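Hi,

Here is the structure I promised to pass on.

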Amino acid sequence: MFRLLLCLLVCFQGLTLTAQDNWFQFLGPNGDGRTSSEKLPLNWSETQNVKWKTEIHDRGWSSPVLWGKQIWMGTATADGHKLYAVCVDAETGNIIHDLHLFDVAEPQEIHKLNTHASSTPIIEEGRVYMHFGSYGTACLDSASGQVLWERRDLPCNHWRGAGSSPIFYRDTLIMHYDGHDYQYVVALDKRTGETVWKTDRAPYIDYGTDDGDQMKAYATPLVVTIDGRDQLISPTSKACVAYDPATGKELWKVTYSEFSATIKPLYGHGMLFINTGFGKAKLYGVREGGTGDVTDSHVAWIQSKSIPSKPSMILDGEHLFMVHDQGVASCVEARTGEIVWQDRLTGNYSSSLLGAPGRIYAFSQEGKATVFAAAPEFKILADNALDSGFMASPAVYGDDLILRTETHLYRIGE
């Protein structure tokens with residue numbers, strides 16, 4: 001009997017670890033861009049360590065997500081009239097599903113660096129949730145591709161295009177709609193698509209203008225537990241607001257002058273690390289706790305030197321690692337905000353960083369991928385390149401990289 005129980009325990013632990021390994025949302029299992037894999041490839045090219053390469057039609061910066069052996073992402077025609085969900089077999093690179101989900105009669109204008117399919121889907125056992133901002137959200141059966149429910153009635157003029165991605169909280173799907181005309185956060189029932197709560201940002205944020213750039217945002221929220229209470233950390237233009245993720249009630253906020261927040265916040269050492277967006281981005285270290293406006297009481301430090309506006313950063317131990325949009329790499333002390341080192345990489349950057357034990361992976365818009373040490377001294381470990389550039393963020397499948405360039409999806413592994 002003891003042997004049987006021990007065997008069942010080992011099997012259960014194995015199943016739990018397997019579930020945790022699914023790169024099911026934007027920036028991975030914990031939403032922080034990190035993997036525990038110690039065997040990710042260090043070197044690759046178009047002719048080295050490519051297990052497969054699959055062309056993805058049309059145009060989309062939607063990052064790949066994985067569950068089991070399925071990889072899902074969104075794409076769209078360049079003019080935005082047709083939106084698709086694409087599923088690729090992680091083992092073979094073959095396309096399993098190529099689903100035309102939505103037609104859009106009058107697509108909104110987008111920034112030249114954006115697409116009509118830039119939001120990353122989110123996936124769980126049996127279901128994948130495809131999100132295209134105000135164009136629509138669809139829940140699909142991941143085996144058959146059947147649409148189980150959809151919502152196309154959540155309005156927002158995204159102004160430069162949508163970019164934020166959905167997250168799970170218990171049985172809800174939480175999404176940002178931060179545009180020129182509307183700015184709100186909404187939670188949908190994952191099973192039915194019905195609205196559970198919807199909170200307008202207007203009562204909490206004074207934009208001080210009707211300029212669309214100053215009012216819109218692209219950021220994806222984060223749920224953390226502080227003093228036994230779950231909090232939805234939700235960056236937008238001019239402020240980061242914390243809500244109760246079960247009800248949408250405002251808990252606290254930090255205000256700032258920058259706009260169009262893009263980078264997902266991080267949490268560690270009893271602090272939240274919040275990027276303020278465009279208009280010369282700043283990085284705030286905010287102590288946990290507090291209610292109401294905590295800008296004056298809980299902001300522990302502010303760093304403004306070479307802070308990125310688009311690529312999300314990595315918290316590794318005592319240090320934050322980041323790469324500015326124009327290629328300045330930085331290591332910052334997480335507790336103090338002091339710069340440990342700064343050095344320059346080649347190229348321009350939009351894709352989020354990937355953190356692995358001892359390593360940081362950075363992917364440029366020109367197709368170069370630099371691996372540098374996650375250490376208090378700057379050291380490049382490898383430089384790699386593919387034929388097309390990176391706008392989507394990376395994913396991990398076991399000990400392999402899943403990389404989406406502007407034209408193809410790759411599985412990179414030694």
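Below is what I found in it, from the overall picture down to single residues.

This is a predicted model, so local features need pLDDT of at least 70 and side-chain atom pairs count only at pLDDT 80 or more, while totals for chains, interfaces and linings use all residues. Residues are numbered from 1 along each chain as its sequence is written, and side-chain values use heavy atoms, with hydrogens and water left out.

First, the confidence. The average pLDDT (the predictor's confidence in each residue, from 0 to 100) is 95 for the protein, and 95% of the residues score at least 70. Watch out for residues 1-19, though: their pLDDT is below 50, and beyond near neighbours in sequence this stretch has zero contacts (heavy atoms within 4.5 Å) in the model.

Now the overall build. Buried residues make up 60% of the 414, where buried means under 20% relative accessible area, exposed over 50% and partly exposed in between (1.4 Å probe, protein chains only). The C-alpha atoms fill a box of roughly 55 × 50 × 50 Å, taken along the principal axes.

Next, the cores. A nonpolar core is a set of buried Ala, Val, Leu, Ile, Met, Phe, Trp, Tyr and Cys residues joined through side-chain atoms within 4.5 Å. The largest one has 32 residues, of which Trp72, Leu101, Met130, Phe132 and Leu140 touch the most other members. Apart from it lies another core of 30 residues, including Val86 and Leu409.

One sheet to find on your screen is an open one of four strands, in the order E27-E28-E29-E30 with antiparallel pairing. Two strands pair if DSSP finds at least two bridges between them. At the edges are E27 (354-356) and E30 (380-385), each pairing on one side only. Strand E29 (residues 368-373) pairs with E30 over five bridges, and threonine 370 stands opposite aspartate 383 in E30.

Finally, is serine 312 buried or exposed? Serine 312 is buried, with a relative accessible area of 3%. This serine sits in the loop between strand E22 (299-303) and strand E23 (314-316). Not counting residues up to four places away in sequence, serine 312 touches Leu27, Ile263, Lys264, Ser352 and Leu353.

Cheers

Technical notes:
Helices (H or I, at least four residues) and strands (E, at least two) are DSSP runs, numbered from the N terminus.
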